[in-house]
Amino acid sequence: MKSLNIGVLTSGGDSPGMNAAIRAIVRAGISYGHQMYAIYNGYRGLVSGQIEKVDRGFVSQIINKGGTILRSARLPEFIDVNIREEGVKQLKKFGINALVVIGGDGTYRGAKDLSDMGINCIGLPGTIDNDIACTDYTIGFDTCLNTIVNAVDKLRDTTFSHQRCSIIEVMGNRAGDLAIYAGLACGAELTISGDNFMPLQEMIERLKFQKATSKNHAMVIVSEKLFDLQELARFIQQQTGFEVRTEVLGRIQRGGSPSAFDRILASRMGEYAVQCLNEGKTSRCIGVRGQQLVDFDIYEALAMQRAKHTGIVNVIDRLK
Ligand code: ATP
């Protein structure tokens with residue numbers, strides 16, 4: 001097996017478990033005899049040469065920490081081949097011949113473009129959104145989901161006591177997995193996402209029924225970017241007679257110590273990424289299908305369509 005110089009970066013929105021992934025990549029790389037490099041601030045740091053050699057101590061005491069010790073950044077200019085050329089020059093300067101990127105689909109598109117320029121990139125799915133088609137779960141989704149469930153449980157107490165309707169907006173970037181998984185886990189009276197959309201009139205009928213029958217309170221979970229929340233609240237209040245409150249959970253959903261699930265997923269994927277490099281694989285995206293780790297060609301991974309979670313949606317519907 002050829003010894004490599006492997007760079008690691010995190011890019012796009014941070015997600016809990018990124019540190020566990022960095023730790024796994026660095027430790028596995030060193031254990032296989034590779035030289036490891038940290039690249040700070042995503043593609044922005046790559047282009048400006050924010051790169052250093054690291055040893056196994058560099059990733060001590062981080063498995064339990066949220067965020068990313070490598071920091072993250074967005075660099076929209078990375079779509080420009082001349083800017084990417086600067087990144088390629090930096091990699092050559094440090095002798096880095098393989099790059100592991102941890103991020104969402106935007107990060108993957110950057111990795112594909114770098115692959116086209118002859119850089120061997122391996123992608124790890126690090127995003128709370130769970131919107132990467134080639135994997136059942138992304139690193140950070142589970143922790144984020146648990147944060148939402150915690151918050152919704154607390155809001156339910158006050159919503160019940162004051163007999164209100166609470167509309168809670170969660171992240172997910174249109175994918176809606178956070179909304180539907182949280183909707184099921186919290187027993188929300190209504191869950192609205194791209195995969196589980198419902199016309200306004202149906203929402204109103206369901207809430208009126210709710211008010212007139214069993215309960216005099218309602219928890220409504222909605223995905224971000226679907227509604228103007230204040231307008232929706234006004235409309236529901238007007239049409240149903242519920243006193244409505246809105247809560248945008250916001251970036252608090254991104255933070256916190258990663259769950260055991262995310263730490264294990266990140267550790268397995270990080271170690272697997274290094275194994276792929278050991279086997280001479282190039283330009284792959286790592287995922288998990290069931291219990292099995294898998295890898296796909298980066299083009300194939302980016303072309304895949306995200307599966308709709310009809311199973312979860314059907315259960316939500318049956319339990320309404
Ligand atoms: P998340 O969705 O969780 O925030 P992400 O990786 O999708 O994560 P983006 O901001 O979309 O986040 O992308 C991260 C970075 O990847 C961008 O700032 C940019 O540097 C690079 N990138 C995104 N799209 C492209 C593209 N089409 N070509 C080259 N680089 C890209």
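**Notes on the model**

1. Asp 136 has a relative accessibility of 28% and is therefore classed as partly exposed. Please read this and every later value as coming from a predicted model. The side chain of Asp 136 forms a salt bridge with that of Arg 289, with an N to O distance of 3.0 Å. The two residues belong to distant parts of the chain, 153 residues apart: Asp 136 sits in the loop between strand 5 (121-125) and helix 5 (141-161), and Arg 289 in strand 10 (residues 284-289). Arg 289, at 33% relative accessibility, is also partly exposed.

2. A second salt bridge joins Asp 195 and Arg 306, whose closest N and O atoms are 3.4 Å apart. Is Asp 195 buried or exposed? Its relative accessible area is 15%, under the 20% limit, so Asp 195 counts as buried. Arg 306 has 26% and is partly exposed.

3. Asp 317 and Lys 320 form a further salt bridge, with 3.6 Å between the closest N and O atoms. Asp 317 is partly exposed at 38% relative accessible area, whereas Lys 320 is exposed at 62% relative accessibility.

4. How many salt bridges does a search of the whole structure find? The total is 14. Salt bridges also connect Glu 279, Lys 281, Arg 284 and Asp 295 into a network.

5. Turning to the rings, the structure contains 6 aromatic pairs. One of them is the pair of Phe 141 and Tyr 181, which is edge-to-face, with 5.2 Å from centre to centre and 90° between the planes. Phe 141 belongs to helix 5 and Tyr 181 to helix 6 (residues 177-186), so this contact ties together parts 40 residues apart in sequence. Both residues are buried: Phe 141 has a relative accessible area of 2%, and Tyr 181 has 15%.

6. What is the arrangement of the rings of Phe 197 and Phe 227? Their planes are at 15° and their centres 5.9 Å apart, so the pair is stacked. Phe 197 lies in the loop between strand 7 and helix 7, and Phe 227 in the loop between strand 8 (218-223) and helix 8 (229-240); the pair therefore ties together parts that are 30 residues apart in sequence. Phe 197 is partly exposed, at 48% relative accessibility.

7. Which residues do ring pairs link into a cluster? The members are Tyr 137, Phe 141, Tyr 181 and Phe 261. Elsewhere, Lys 211 is placed over the face of Phe 242, 5.0 Å from the ring centre.

8. The sheet is open and has 7 strands in the order 3-2-1-4-5-10-11, with mixed pairing. Strand 3 (51-54) and strand 11 (292-297) are at the edges; each has a single partner strand, so one side of each has no neighbour in the sheet. From one strand to the next the twist averages 25°.

9. Strand 1 (residues 5-10) pairs with strand 2 (residues 35-39) in the parallel sense, over 4 bridges. Asn 5 has Gln 35 as its bridge partner in strand 2. Helix 1 (residues 18-31) lies across strand 1, strand 2, strand 3, strand 4 (98-103) and strand 5, and runs at about 160° to strand 4.

10. Where is Met 117 found? It is in the loop between helix 4 (105-116) and strand 5. Met 117 is partly exposed, with a relative accessible area of 22%. Leaving aside residues up to four places away in sequence, Met 117 touches Val 81, Arg 84, Glu 85 and Val 88. Met 117 and Phe 261 are 144 residues apart in sequence, and their C-alpha atoms are 35 Å apart in space. Phe 261 is a member of the ring cluster in point 7.

Definitions and conventions. Residues are numbered from 1 along each chain as its sequence is written. This is a predicted model: local features need pLDDT of at least 70, side-chain atom pairs count only at pLDDT 80 or more; totals for chains, interfaces and linings use all residues. Side-chain values use heavy atoms; hydrogens and water are left out. A salt bridge is a side-chain nitrogen of Lys or Arg within 4 Å of a carboxyl oxygen of Asp or Glu. Buried means under 20% relative accessible area, exposed over 50%, partly exposed in between (1.4 Å probe, protein chains only). Rings of Phe, Tyr and Trp (its six-membered ring) pair if their centres lie within 6.5 Å; planes under 30 degrees apart count as stacked, over 60 as edge-to-face and the rest as tilted. A charge sits over a ring if NZ of Lys or CZ of Arg is within 6 Å of the ring centre and within 35 degrees of the ring normal. Two strands pair if DSSP finds at least two bridges between them. Axes are lines fitted to C-alpha atoms, for helices over the stretch in contact, and angles run from 0 to 180 degrees between N-to-C directions. Contact means heavy atoms within 4.5 Å.
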